[in-house]
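Thanks for coming. I have one structure to show today, and I will go from the whole chain down to a handful of residues.

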Amino acid sequence: MIDIESLKYPIGRFSMPEKPDLETAISEITQFPELIEAATAKLSKAQLDSPYRPGGWSVRQVVHHLADSHMNAFIRFKLTLTEDTPTIKPYLEASWANLADSYLDIESSIVLLKQIHFKWAVLLESMSAEDFDRCYFHPESQKKVPLSEAIHLYVWHGLHHLAQIQHLALRENW
């Protein structure tokens, strides 16, 4: 029997790598939309509407959440590059996952992910080492987050949700 913690966090909780690798992180940000598209391409409507764990979001909601989250991440990077330690705006992810657009076909969010990640990768590639040292302030954690940590967090975030979808497909033999 699989425990709830491994269903929630199939790749474990986020921890900053001991040896951060910005080049690999940028590559992973660039490639992520294709991974999520491949993982969901052959899923039926019923499969897309299946929760990845009891009480969890449906695959459809996860895909829309990824677009919402990574859109916010891209904006956080731009704010941090243009302002001095901006305070970012948190949002209620669970509430967003229940809004009407989270029940649309996933294609809209796949396209959005592709475009956001394309622009984000261009931005990341243009950044200097000093730019990655710039920080935003997260009011919920009450800490400054350097962009060098934020990029690794969002790589983990994408892979975390991708693994939830992939593990569900394996468990259900899809």
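**A walk through the chain**

P51 is partly exposed, with a relative accessible area of 39%; on this scale buried means under 20% relative accessible area, exposed over 50%, and partly exposed in between, using a 1.4 Å probe and protein chains only. I will come back to P51 in a moment.

Before that, the ground rules. What you see is a predicted model, where local features need pLDDT of at least 70 and side-chain atom pairs count only at pLDDT 80 or more, while totals for chains, interfaces and linings use all residues. Residues are numbered from 1 along each chain as its sequence is written, and side-chain values use heavy atoms, with hydrogens and water left out.

Now the overall picture. The chain has eight helices and two strands, where helices (H or I, at least four residues) and strands (E, at least two) are DSSP runs numbered from the N terminus. The order from the N terminus on is α-α-α-α-α-α-α-β-β-α. The radius of gyration is 16 Å, close to the 16 Å that the globule rule gives for 174 residues, so the chain is as compact as a globular protein of that length. That radius is taken over C-alpha atoms, and the rule is 2.2 Å times the number of residues to the power 0.38. Along its principal axes, the C-alpha trace spans about 45 × 35 × 30 Å.

How many of the 174 residues count as buried? The figure is 45%. As for contacts, meaning heavy atoms within 4.5 Å, residues 24 or more positions apart account for 78% of those with a separation of 6 or more.

Leaving aside neighbours within four places in sequence, P51 is in contact with G56, W57, S58 and L168. P51 and E172 are 121 residues apart in sequence, yet their C-alpha atoms are 11 Å apart in space.

Next, helix α8, residues 147-172, which holds Q164. Is Q164 buried or exposed? Q164 is buried, at a relative accessible area of 2%. A polar atom of the Q164 side chain lies 2.8 Å from the backbone oxygen of K8. A polar contact here is a pair of N or O atoms within 3.5 Å; within protein, one must be able to donate a hydrogen and the other to accept it, and residues adjacent in sequence count only if both atoms are side-chain atoms. Beyond four places in sequence, Q164 is in contact with L7, K8, P10, Y52 and V62.

Then helix α4, residues 59-82, where H64 lies. H64 is buried, with a relative accessible area of 2%. Which backbone oxygen does the side chain of H64 reach? The side chain of H64 reaches that of L104, at 2.9 Å. Setting aside neighbours within four places, the residues in contact with H64 include D101, Y103, L104 and S108. N72 is also found in helix α4. N72 counts as buried at 17% relative accessibility, and touches Y91 and W96, not counting residues up to four places away.

A97 sits in the loop between α5 (93-96) and α6 (107-126) and is buried, at 4%. Its contacts beyond four places in sequence are W57, Q61, S102 and Y103. The C-alpha atoms of A97 and T82 are 15 residues apart along the chain and separated by 29 Å.

Last, backbone angles. Most residues other than glycine have a negative phi. Q142, in the loop between β1 (135-138) and β2 (143-146), has a positive phi of about 60 degrees and counts as exposed at 55%. N173, in the segment after α8, has a positive phi near 60 degrees and is exposed, at 71%.

That is what I have.
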